[in-house]
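Work through the exercises below with the sequence and the model open. Each task is followed by a solution in steps.

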Amino acid sequence: MARTELSDLGEFGLIEFLTKDVKLKNKSSLKGVGDDAAIIDHGNQKTVVSTDLLVENIHFDLIYTPLKHLGYKAVVVNLSDIYAMNARPTQITVSIAVSNRFSVESVNEIYKGIHLACEAYGVDLIGGDTTSSIQGLTISITALGVADEDQLVYRDTAQVGDLVCVSGFLGGAYVGLQLLEREKQIYLDNPEMQPDLENKDYIVGRLLKPEARKDIYEFFQTANLLPTAMIDISDGLSSDLLHICRQSDVGAYIEEKSLPIAQETSVKAIDFKLPPTTCALHGGEDYELLFTIKPEDAEKIKYMMDIRIIGEITKPEDGINLHTSGGSIKELIAQGWRHH
């Protein structure tokens, strides 16, 4: 690949190069890239805003993270927060700080992933900022979304007796991280060796190219189902359940036998001598939706294959517990995701 120095284009030239093909699709995007600020018209709807910062060697490692995947993931993790409010994402802004280690072509790879995510989720890139960095790469994305006021779902509204539900499978991203970290170490010790990632597409993909649960949000709309509380699983099921319980002033229990764990995750976890349950409870970056529903709404999700009821909300004095497959009750401690 030919290399063009960032200095050849300059800040404004780089912005123009990266955003020249951006086309606005949402009626609410009145003004996008090219002015001092974007203009968004949402009429009677409420605007939801979320932002995330991704820092090289804290949140991602470029030894095994393709730049295009990084751009895609940076968008997805923000959109996941919007869906967790039961809102529809509509726009994003992108700010990026890069060192002279990066060329125009490499920054463009990041933006290819950003544009791909925008296309997949139907959101508009409407602005942002670029600046230089002493070292490394930092990406900050702000996502905006819309929802009718009576459709918004918060963390602090779970009620005693509600059912605890989760979408998808858990633990895959954490096990994928263990695999990639192992292969990285092998590579650093012996650069001639090729990484052994054959038949590991699922767990590697869960870490490097996660998807936000747009389909679950859309299911809520078609099923006329309004969760009583919701959060996305970025820090791990245990940590994010704790957020709901603390902010709602309730307790909860989770059934170990109900935890959704993909076979590939279990097999590789055991290979690493990790209990699959531990990976599902405390691993992070799954970007699934953890939510509570009224018991009478259980029928609405009965035939939804990708949603599982895993527990129940209880009185605050009961604490937060795991009902193990062996029949014992253990306090659920939030260990959470620790960025490598």
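**Exercise 1. Decide whether serine 103 is buried or exposed, and find what it touches.**

Step 1. In this predicted model, serine 103 has a relative accessibility of 7%. The cut-off for buried is under 20%, so serine 103 counts as buried.

Step 2. Serine 103 sits in the loop between S4 and H3.

Step 3. Set aside residues up to four places away in sequence; serine 103 then touches Arg3, Thr4 and Leu6.

**Exercise 2. Describe helix H3: its span, its buried residues and what covers them.**

Step 1. H3 runs over residues 104–121, which is 18 residues. From first C-alpha to last it reaches 26 Å, close to the 26 Å expected at 1.5 Å a residue.

Step 2. The buried residues of H3 are Val104, Glu105, Ser106, Val107, Glu109, Ile110, Tyr111, Gly113, Ile114, Ala117, Cys118 and Tyr121.

Step 3. To read such a list, recall that an α-helix has 3.6 residues a turn, so residues three or four places apart point the same way. Ile110, Ile114, Ala117 and Tyr121 are among the buried residues of H3.

Step 4. Just after H3 comes glycine 122, with a positive phi of about 65°.

**Exercise 3. Which residues does UniProt list for "binding site", and what is the setting of serine 50 and aspartate 81?**

Step 1. The UniProt entry, which is unreviewed, lists Asp36, Ser50 and Asp81 under "binding site".

Step 2. Serine 50 belongs to strand S3 (residues 46–55), and aspartate 81 to helix H2.

Step 3. Serine 50 counts as buried because its relative accessibility is 14%, below the 20% cut-off.

Step 4. Leaving out neighbours within four places in sequence, the contacts of serine 50 are Asn78, Asp81, Ile82, Ile141, Thr142 and Ala143. On the same terms, aspartate 81 is in contact with Ser50, Asp52 and Asp232.

Step 5. The two side chains, of serine 50 and aspartate 81, are joined by a polar contact of 3.1 Å.

**Exercise 4. How many disulfides does the structure have, and where does that leave cysteine 165 and cysteine 245?**

Step 1. A search of the whole structure gives zero disulfides.

Step 2. For cysteine 165, the nearest cysteine sulfur is that of cysteine 245, 13 Å away. A disulfide needs the sulfur atoms within 2.5 Å, and cysteine 165 is in no disulfide. Cysteine 245 is likewise in no disulfide, its nearest cysteine sulfur being that of cysteine 165.

Step 3. Cysteine 165 is buried at a relative accessible area of 0%, and cysteine 245 counts as buried at 2%.

**Exercise 5. Find which elements supply the largest nonpolar core, and which residues have the most contacts inside it.**

Step 1. The largest nonpolar core has 39 residues, and Leu79, Ile92 and Leu137 have the most contacts inside it.

Step 2. At least two residues of this core come from each of H1, S3, H2, S4, H3 and S6. H2 gives the most, with nine residues.

Step 3. Apart from neighbours within four places in sequence, leucine 79 is in contact with Pro89, Ile92, Tyr121, Val123, Ala143 and Ala212.

Step 4. A second, separate core has 24 residues, including Leu170, Ile244, Ile320 and Leu332.

Definitions and conventions. Residues are numbered from 1 along each chain as its sequence is written. This is a predicted model: local features need pLDDT of at least 70, side-chain atom pairs count only at pLDDT 80 or more; totals for chains, interfaces and linings use all residues. Side-chain values use heavy atoms; hydrogens and water are left out. Helices (H or I, at least four residues) and strands (E, at least two) are DSSP runs, numbered from the N terminus. The expected span of a helix is 1.5 Å times one less than its number of residues. Buried means under 20% relative accessible area, exposed over 50%, partly exposed in between (1.4 Å probe, protein chains only). Contact means heavy atoms within 4.5 Å. UniProt positions are given in the numbering used here, feature names are shortened, and annotations may be inferred rather than shown by experiment. A polar contact is a pair of N or O atoms within 3.5 Å; within protein, one must be able to donate a hydrogen and the other to accept it, and residues adjacent in sequence count only if both atoms are side-chain atoms. A nonpolar core is a set of buried Ala, Val, Leu, Ile, Met, Phe, Trp, Tyr and Cys residues joined through side-chain atoms within 4.5 Å.
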